[in-house]
Every structure is written in structure tokens, then in C-alpha cells.
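Let's take a walk through this model together.

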Amino acid sequence: MEAKITLLPGDGIGPEIVAETRKLLEVVAAKYNHNFNFNEQLFGGIAIDETGTPLPDDTLAACLHSDAVLMGAVGGPKWDDPRAKVRPEQGLLGLRKALGAFANLRPVKVFDALADASPLRPEKVRGVDIMFVRELTGGIYFGTPQGRLDGDNGREGFNTMRYNEMEIRRIVEIAFDLATKRKKKVTSVDKANVLVTSRVWREVAQEVADEHPDIEYEVILVDAMAMHLINRPADFDVVVTGNLFGDILSDEASMITGSLGMLPSAALGVPGSIGLYEPIHGSAPDIAGKGIANPLATMLSAAMMLRSSLNLDTEAAAIETAVSNVLNAGHRTADLARVGETAVGTKEMGAFVTMALENIQTV
Ligand code: NAD
């Protein structure tokens, strides 16, 4: 297949981890007879420095003319001044909006070899494989009215949590679609005992569930879910929820793995739209340029990209198997290594995964 992939390395460790992932994708292309055309573009802080804006027109045009977009990370102390008019994160929000990306997919998978890295006991986390589906463009982060005023009681701030049927239905449908290809279970998280918005969410989610009798369906209140994620994380398959709850719960769930450098994500719109793939971690300015960043979250994001945007399931699984094999062989970057274990650098880790992928038998 021919595919156009826009690469947005961004800031901090972004260029280091994206470079390794690009090499891996080149090996995927050669091994499975594809032609990936990469187009690397400025994005984030570096784009502000060079063009004055975090999402230059050329970058946006390249993204809109590609089959998928793979990003490293943006931001860093240089651009963190709260008084600055332009900020790297504005580029990310602008890009998500331009791509119509309303669904944030965040898989939380514990690799057996890393079960000891979790702050939870290994027997609790072994086998954890959750797909978080968070609504990304609605809810209290965007609902109006919102603002601040100076009233009789001093300063006051307000936001509005609202969701309409269309917004709920399309995100819940994504969750059910994903569950079909996984363990066939969907958990919808809300706060229907208190919030009217959640009661509408629950009604619509139930209607979608009724259309999928083959999928096990449950609803859990958000406060209870915060506990269940710690107590019985291996019980969940696909978890769908709104913007605010998803933001908090997916960060909580990511810590189950104990390793930020392992977690990929995708931001998707309606079927057929251009997906944006990125590791969940930031630009890690504290280790940028040292050659020690973990490239695995970006490589696993590339696997999500192959599966979701390019329909290349075998190739995606090959990347995941290669990562797993490398971890089983004991190779660790500094963020994963325990006391006494030798750590490898970004390039070495990249080379190990590439080699492991080359060694996977094709049928
Ligand atoms: P961070 O995720 O960049 O780093 C947190 C800690 O995890 C650091 O100690 C870092 O060294 C470590 N870490 C992160 N990724 C790693 C990797 N791949 N390998 C090894 N160690 C890794 O979070 P932060 O320090 O809060 O944010 C730094 C900058 O990144 C900020 O400017 C923030 O706004 C930005 N940020 C960007 C994104 C994004 O691009 N989507 C997401 C989060 C934060």
C-alpha cells in the first residue's frame, strides 16, 4: 500500500523518539511491501521559534493531505510563560479541531515483563488491557456559557457541562466498535446520580448498547470507577466516558503500568478521517538531548496508526510483538530499568525493536 504519513517531531525528546519510530516504520514498509511517504513538519515550540505560530499553514496543509499524522510531543520551559500570546498547546488543540478528532483512545496495557514496574502489586496488574475512549471536543471543557465575573460575593468562575445526543452516540459507538474486536465488554462511566448531563449520557449509551446485544455492557459512577481501577483493573476492556472524567481516569489508569514512556494514544474523528497518533507523555525537557528517552510509546502509537488509519492489523501486531519480545529479553531504557539493571539509550532501544521486528516470521 501507498500511505502518506505526516511526522510532527515537535519539542524536547520529540525529535529523538520520532526518529527511531520512523526507522521502525521504514523497516515495516520494507518487510511487508508498503510504501510510506513521510513528510516531516514544524509543530509546537520549534514552530513558534521559526514561524511565529505553533501550527504553521504548511504543517496543517501537510496533515490534511495525509493518511495519518504521527506526533512526538510539544512544549517546554522556553514557551511556558503564562503571559505568552502563542503557546505550543494551541497548535495541538488547533490540529485536533482541524482533524475533527473527537475521540481520544488511550490503551493501558501492562506488558508481563513490566508488571513489577506498577505501583500496584504484580498479581493485580498482570493481564491489564484497557482501552480508554474519552470524548475530546465537548463537555465541560468547551460548554457554554463559561466565564468569570465580579459579583456581590467577589470573584466567580463558571463552566457548563453539556452533551447532546449526537456527541454521546458517536463516541459510544466507537467504544462498541472497538469492543467487537477485543474482549467484547464496554463500561460507560458517568455521574448520573447527580448530573443531568450524565443522565442523558446514560440514556443514549443504553440505546447504543441495545443495538449490540453481543457486547457485555455495564455503567459505573465515576467515583466508584476511580476505586475499581485500582482494585480490579484487569476486569475492564473498553471504558467510555466524557471529557472531564476521561481526562482524570485515563491518567489514573496510565499509572497502573508505572511507566509513562510505554503509553500510546490516538485522536480520531468520524470513520475515514485523518487520525492523530502520539505518546501520552510530554516533551520531557529534563532529559531532552541526552539520548536516553524511551521511544516505545511512540512506536506503539505508530502501531495504533497502522491498525486504525491504514488497516494494517498484521503490521501493527508485529510492532507490538517486537516491543514485547524486546522487553522479555530484558532490555530497558532508563525510565524502566530497576536498580542494578543496565539501561540502554533511545537509539539502542530503537535498534532492538527494529531487529525484533525483522525477526518476526511472516506467513
Ligand atoms: P512529561 O511527560 O514531559 O515528563 C514527566 C516525567 O516523565 C519527566 O521526568 C520525564 O523525563 C519523564 N518522561 C516522559 N516521557 C518519557 C520518555 N519517553 N522516556 C523517559 N522518560 C520520560 O511531563 P511534564 O514534565 O509535565 O511536561 C513537559 C512539557 O511537555 C510541558 O511543556 C508540557 O506542557 C508538555 N506536554 C506535552 C504533551 C503533548 O505534547 N501532548 C503532553 C503532556 C505534556
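At the start of H6, a side-chain oxygen of Asn-164 comes to within 3.1 Å of the backbone nitrogen of Met-166. Keep in mind that this is a predicted model, where local features need pLDDT of at least 70, side-chain atom pairs count only at pLDDT 80 or more, and totals for chains, interfaces and linings use all residues. Residues are numbered from 1 along each chain as its sequence is written, and side-chain values use heavy atoms, leaving out hydrogens and water.

Now follow H6 along. Helix H6 covers residues 165-180 (helices are DSSP runs of H or I, at least four residues, numbered from the N terminus). From first C-alpha to last, H6 reaches 22 Å, close to the 22 Å expected at 1.5 Å a residue (the expected span is 1.5 Å times one less than the number of residues).

Which residues of H6 are buried? Among them are Ile-168, Ile-171, Phe-176 and Leu-178, buried being under 20% relative accessible area with a 1.4 Å probe, protein chains only. The buried residues of H6 pack against partners including strand S4 (103-109), strand S5 (129-135) and helix H7 (196-210); contact means heavy atoms within 4.5 Å.

Stepping back, the domain assignment, automatic or from a database, gives domain 1 (1-102 + 271-363) and domain 2 (119-257). The contact takes five residues from domain 1 and nine from domain 2. And salt bridges across that interface? The rule (a side-chain nitrogen of Lys or Arg within 4 Å of a carboxyl oxygen of Asp or Glu) finds zero.

Methods. Helix = DSSP H or I, 4+ residues; strand = E, 2+ residues; numbered from the N terminus. Buried < 20%, exposed > 50% of the residue type's maximum accessible area, 1.4 Å probe, protein only. Polar contact = N/O pair within 3.5 Å; in protein donor to acceptor, adjacent residues only side chain to side chain.
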